[in-house]
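The following exercises ask you to read a structure from the whole chain down to a single side chain. Try each task before turning to its solution.

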Amino acid sequence: MSNTSYDDIHPLFDRPEIQRVTSPDSASVKARRAFRPAVCKAFEGEATQVSKTDAYRFDIDPEAGRQLPDIINNKVQVVTMAEAGAASVDDSFERPRKIGIVFSGGPAPGGHNVIAGLYDAAKRANRESRVFGFLVGPDGIIENEYVELNDALVDAYRNLGGFTMIKTGRTKIDTTKKMAMAKENILALGLDALVVVGGDDSNTNAAFLAQELFKEHVQVIGVPKTIDGDIQVRDADNHALCAVSFGFHSAARAFAEAISNLSNDSSSDIKYWHVCRVMGRVASHLALEVALQTHANITLIGEDLADYVDTQRLEKARAEGTTDYTAYGMTLRHLSRVICDAIVRRAAVGKNYGIAVIPEGILEFINEIELFIIKLNTIIAEYNSTHDGDFHTSFPLLEQKLDYLRNLVRDAPPGLAPNIWNARDDELFNDLPAFFQDGLLTERDSHGNFQFSQVPTEKVLLELVKDYLKILRDQGKYKIGIESGYYVKSMKKAGLEPDFYGPMLFKNYGTDRYLLVKSNIISLRTLRSALVQAGAITADGAIPPAVEKIYGLSVPKFKTQSHFYGYDGRGTDPTMFDCTYAYNLGLTVFSLIAGGATGQMAAIRNLEHGFEKWEPVGIPIAPLMRLEERKGRLTLVLEKSLVDVNSQAFRVVEALREKWLAALPGDDQYRRPGPISLEGEYEEDRPITLLINAITK
């Protein structure tokens, strides 16, 4: 390695051009910092006011009412511009405040702009107001670690990705001890309000903090953050209050750009199937948006698989006078067959390559896998409870875990339902690849959820796909189509008559542009046999090299490249949509605080429409919460939103699947979304899923 040091070439660094190109601040970063997002009409005046509305109603879970009595009856609150001269509003709005803000959970593009919006609004109302950022997530609240924000710090991160300004963490304030420590530190700091920026669990935390701090007159406001897009709020009458969380659009665009690059590579090199797993443990919103952004050849949507009904099996059962309950829902094996069918059809028209998009949580929508997860979660939770220990520490090796499960077949502990793990379960489980068994038995995350991101979902499917493609190849059903013009040219160049050999080799000679070698020709031996039988060569004659070459080109080699898109999308710089959305969320947060709200989640209505229709609101969190099983027991949490298979966005993707598969001669239908930008008339103003749903309403 070279020993050149900075001192050796120090004079070089005195030159402005060298300083510019070696600075950590690229021209793009400087332009981002200078960008100022548009603000909703409500924020164009000197002050805002908040009013409650009865236009929305919620079905309240009784348990939420019991645990959150002081905030359960909150109403939706609408933020509007205050009328000039409204003294009562101005007095409340302009008083100095101390506000804390914390990031919770994984990063999402736009988080810094939530801080910037809150900071700008607080300082504009009163320069004496102070904003504190708790460091490294909720641990910062518990351990009283924070930094006071100032102009320089906030300006350094405007419109930039990540949560770098104050960092983030996944700790939950979910025990009496943690809550007491958090409360003590919040009160000691003299906060008027706390802002929690996070996903469903984090906003659940915000609701419990709001309840705990209610009598202390400390307000708590949540902000919807998750790239998965699974925080979507509708009232009991299906009125949309929050169409999507911030960060979703940016992550989807980042994934889409990378996958679009792969489509360029795939259609150039024409020998790889790129299998792209995208984040989305519970919901497939990202996969749906990526499909619309890229027009990938295959896109699987988990919620669609959950609704699958095998009509052929049902009809067969009816004919036999029985009911086949396994016909409801997609099986892992059937899903692999669906993928194989698409691959075989593209190969038949000369396209032995393509792009497949799979959400990371796809396996949770597969019948037998979902059942395994439910049973294993129960078994592990029961073991931990009964033994006051940890299942994974007690059984560190896969074989030890499998032995424990086998013993359950014979003798289930008293805490478990008899036959919870039966011989049939054991048989099916042992048929799975070892790495997938290990994945299903891996340690759950801090919320008690199965960690799909830790399991190579695509590898599970590809193992089955490869096995079945081999069977189809051996049966002569998986072939690469040979373009007829190329065949004719190759044969004539070799001095052979195309029309003489064509009927011997191809099952569709003379009818289709792409020619398929007959299904009985699956090897050089069977090729020789076919030529001998047709009288083209003698029993001991050689296969003409041109014919052998054509046959060789028809034999498919299924080559794959696997990709996981997750952390790169979380950390991308935000789109113009997310920059603007997140900044206005920050402004909304301050307005809700100034209006005396607590236990509310800041949101913007009408995101699916143009910016001029955006409306800042506060949504009550407590009425959105439902009991859900976590770590083997029912827990009150904010409900996640899944892909609606009846939505227009999904129906559009469903209608275009065949077109995007492009299993026909001619070009593929790939779309190039382009890079994320904060300028230019061609930059998207919202996610395509929202756009389609708005247009078709």
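A residue is called buried when its relative accessible area is under 20% and exposed when it is over 50%, with partly exposed residues in between. The model in these exercises is predicted.

**Exercise 1.** Determine what share of the residues in the protein chain is buried, and describe the chain as a whole.

*Solution.* Start with the cut-off of under 20% relative accessible area; by this criterion, buried residues make up 54% of the 697 residues in the protein chain. Next, take the secondary structure, which comes to 28 helices and 19 strands, and the extent of the C-alpha atoms, which fill a box of roughly 105 × 75 × 65 Å along the principal axes. Finally, turn to the contacts between residues at least 6 apart in sequence, of which 77% join residues at least 24 apart.

**Exercise 2.** Compare the reach of helix α9 with its expected span, and state how many of its residues are buried.

*Solution.* Helix α9 covers residues 200–212 and reaches 19 Å from its first C-alpha to its last, close to the 18 Å expected for its 13 residues. The helix is mostly covered, since 11 of these 13 residues are buried, among them D200, N203, L209 and Q211.

**Exercise 3.** Decide whether R605 is buried or exposed, and identify its side-chain partner.

*Solution.* R605 lies in strand β16, which spans residues 600–605. Its relative accessible area is 16%, and R605 is therefore buried. The side chain of R605 makes a polar contact of 3.2 Å with the side chain of Y56, and the residues that R605 touches beyond four places in sequence also include A240, L241 and W614.

Definitions and conventions
Residues numbered from 1 in each chain as written. Predicted model: local features only at pLDDT ≥ 70, side-chain atom pairs only at ≥ 80, totals over all residues. Heavy atoms only, no water. Helix = DSSP H or I, 4+ residues; strand = E, 2+ residues; numbered from the N terminus. Expected span 1.5 Å × (residues − 1). Buried < 20%, exposed > 50% of the residue type's maximum accessible area, 1.4 Å probe, protein only. Contact = heavy atoms within 4.5 Å. Polar contact = N/O pair within 3.5 Å; in protein donor to acceptor, adjacent residues only side chain to side chain.
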